[in-house]
Structure formats: C-alpha cells, structure tokens
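Hello,

Here is the structure we talked about. Please open it first; my notes follow below.

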Amino acid sequence: MALTGSAFETAHPARVYDHFLGGKTNYAIDRAAGDQVLAVWPGARQAARANRAFMHRAVRILAQAGVHQFLDIGTGIPTEPNLHQIAQQTAPKARVVYVDKDPLVLAHADAWMRSTPEGRTGYVEADITTDVDRILTEAADFLDFGQPVAVSLIALLHFVPDDHDAHGIVARLLAPLPPGSALVISHGTEDFDPEVMRRVAAVYRNSGIATQARSWTELSRFFTGLTLVTPPGIEAPHRWCPDPTDTPQRAPDLDAQIAMWAGVGVKRPQLRGRPRRG
Ligand SMILES: C[S@@+](CC[C@H](N)C(=O)[O-])C[C@H]1O[C@@H](n2cnc3c(N)ncnc32)[C@H](O)[C@@H]1O
C-alpha cells in the first residue's frame with residue numbers, strides 16, 4: 001500500500017514525541033523531523049522521559065490529595081503507564097477525559113478504554129485553540145464539575161503560540177471548575193539554552209509545526225490566581241517533587257538538556273462576604 005495523505009506527508013507533534021520516547025506509532029516524516037531535533041537538541045529524549053515522570057508524580061500527588069477527575073489535553077499517543085492508570089492506582093474510581101487534536105491519537109485510544117471497572121475514561125478529539133467550549137461541554141458528560149478536576153496541559157502549550165491567546169484559553173478552561181481543582185503544566189523554555197531552543201523551533205517551523213518557548217515568568221502567568229504546590233512551585237520537571245528514592249539532580253547541564261519548566265497550581269476558594277470589623 002502506498003503511504004499517501006497528510007498523515008504521512010507532514011510531521012505531527014504527537015508522533016515526533018512518540019519517536020523521542022522510543023514508540024512505534026510514528027512515520028518516516030516524523031522520524032526525520034525528530035532526528036533533526038535530536039541533532040540540535042540531544043537532550044530531547046531525556047526531556048520526554050523527564051516530562052512523563054513529572055506527569056506520573058503530579059497525577060499521583062493530586063490523586064492522593066483527593067482530586068479524582070482529570071481533563072488531560074494534548075494527551076499524545078498512549079504510552080504506558082497512561083495518566084488514568086496512574087490516577088486509578090491511587091483512586092480506582094478516578095475518571096479521566098483525554099483530549100487531542102490529532103486523529104491518529106484517537107486511532108490508538110482503545111488503550112485508554114482499559115479503565116478500572118469503577119473508573120471511567122473518555123476521549124474528545126478537539127483543538128484547544130478553537131474548541132474550548134466543546135471540550136468543556138463534552139468533558140462535563142464524563143466529569144462532575146461540582147467536584148475538583150485537574151486540567152493537565154503537559155508538553156502542550158509550547159504548541160500554542162500567543163497569537164492563539166494561550167493564557168486566555170487556560171483561564172477559560174479553569175473558569176467553570178470548583179475550588180480544589182488543579183492546573184498541571186509542563187512547557188519548553190529558552191531560559192537555560194536559548195540558542196539550542198531557537199534551533200529546535202526552526203526545525204519544527206520547517207516541518208510545519210508552530211512552537212513558542214516560554215520563560216519562567218511567562219509560565220507563572222498561567223497560574224495567576226492559583227496556589228502553587230510548594231515547594232517546589234515552578235521547577236524543572238526532574239526536580240519537581242522528586243520521589244524520595246531519586247538522586248538529587250541539580251546539574252546545570254541537565255537543566256539545559258531538559259529545557260522545560262513544570263508546575264501544579266490549585267484553585268483557591270473564592271472569598272465571600274465582607275471582612276468583619278475589629
Ligand atoms: C509533545 S506531545 C505531549 C503528549 C503528552 N501530554 C505527554 O506529555 O506525554 C503534545 C501533544 O499535544 C497535541 N496538540 C498539539 N497542539 C494541540 C492543540 N492545539 N489542541 C489539542 N492538542 C494539541 C499533539 O497532537 C500531541 O499529542
């Protein structure tokens with residue numbers, strides 16, 4: 001069979017990332033783009049692994065803290081353990097809605113349907129830049145917005161440049177969620193090695209994929225009005241709440257190789273009423 005059509009002619013972020021993780025769900029065009037990224041950024045594979053490990057720890061910590069509903073946008077091709085597996089290890093009743101704009105991700109979504117009997121997983125094919133209202137409406141069929149929900153945007157927002165109003169999108173996603181809900185983000189940055197990350201952006205651009213690295217300060221703006229899980233606040237993903245058994249990793253070289261920031265914020269209760277006198 002001849003491989004034709006846009007899926008084979010254009011690199012897709014989900015499949016390039018799958019290539020970094022050593023997965024098999026990618027095509028020659030994705031491997032070519034991924035290999036060009038690796039040529040200028042040899043840390044890309046390590047960054048992908050550190051990013052997944054951050055997701056595992058953040059989801060486990062939230063599930064242990066009682067957040068048992070997750071809206072994971074920019075999910076990517078299923079990679080074991082998937083987010084719902086991590087959440088359901090702690091909370092078997094956990095419900096997870098996965099969202100991605102790439103139809104190829106949906107083609108592999110059966111891997112997510114292997115939920116615990118008590119839990120539930122759902123899937124929405126949608127683009128965060130255009131479909132926020134539909135994402136929330138369809139997620140509300142699976143999740144109870146009267147209870148806390150964690151919105152996870154893991155290695156996604158660097159594919160959402162400011163001309164799509166990335167900060168406004170995140171605020172709209174959080175608006176209907178109750179206090180105790182959380183925001184989980186990991187994001188590419190030029191803060192450690194701007195030259196390398198600019199070359200990476202050029203490779204993606206030449207492959208038809210727009211990106212925008214963001215600084216620590218720009219990333220903090222996504223968490224406006226939330227309480228950051230502290231320590232560590234916004235940190236490099238490999239240093240965000242490391243497991244006690246992890247060896248401390250503070251090498252500046254490693255930060256430059258991983259070139260990401262990560263953080264988790266929690267929605268505070270709204271203050272109501274007037275302050276009392278005296
Ligand atoms: C680098 S992968 C991250 C996968 C997973 N979140 C992780 O960190 O392991 C980025 C994912 O975001 C998805 N994506 C990119 N732009 C998107 C958009 N505008 N709306 C929804 N998904 C998007 C891609 O299809 C891809 O699956």
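Start with a helix pair. The axes of α3 (residues 28-40) and α9 (residues 194-206) come within 9 Å and cross at roughly 165 degrees. Axes here are lines fitted to C-alpha atoms over the stretch in contact, with angles from 0 to 180 degrees between N-to-C directions. That makes α3 roughly antiparallel to α9 (the term applies to angles over 145 degrees). From α3, the contact takes A33, Q36, V37 and V40; from α9, V196, R199, V200 and V203. Contact means C-beta atoms, placed from the backbone, within 7 Å. By class, six of these residues are nonpolar, one is polar and one is charged. Nonpolar covers Ala, Val, Leu, Ile, Met, Phe, Trp, Tyr, Cys and Pro; charged covers Asp, Glu, Lys and Arg; the others, Gly among them, are polar.

This is a predicted model: local features need pLDDT of at least 70, side-chain atom pairs count only at pLDDT 80 or more, and totals for chains, interfaces and linings use all residues. Residues are numbered from 1 along each chain as its sequence is written.

Now the ligand. Around it sit 22 residues, of which A14, G74, G76, K101 and A155 come nearest. A residue is near if its C-beta atom, placed from the backbone, lies within 6 Å. Two elements, α2 (13-20) and α4 (44-64), each give two or more residues to this shell. The shell divides into twelve nonpolar, five polar and five charged residues.

Last, the whole chain. It has eleven helices and seven strands, taken as DSSP runs (helices H or I, at least four residues; strands E, at least two) and numbered from the N terminus. The C-alpha trace spans about 70 × 40 × 40 Å along its principal axes.

Best wishes

How values were computed. Parallel < 35°, antiparallel > 145°, perpendicular 65-115°, else oblique. Contact = placed C-beta atoms within 7 Å.
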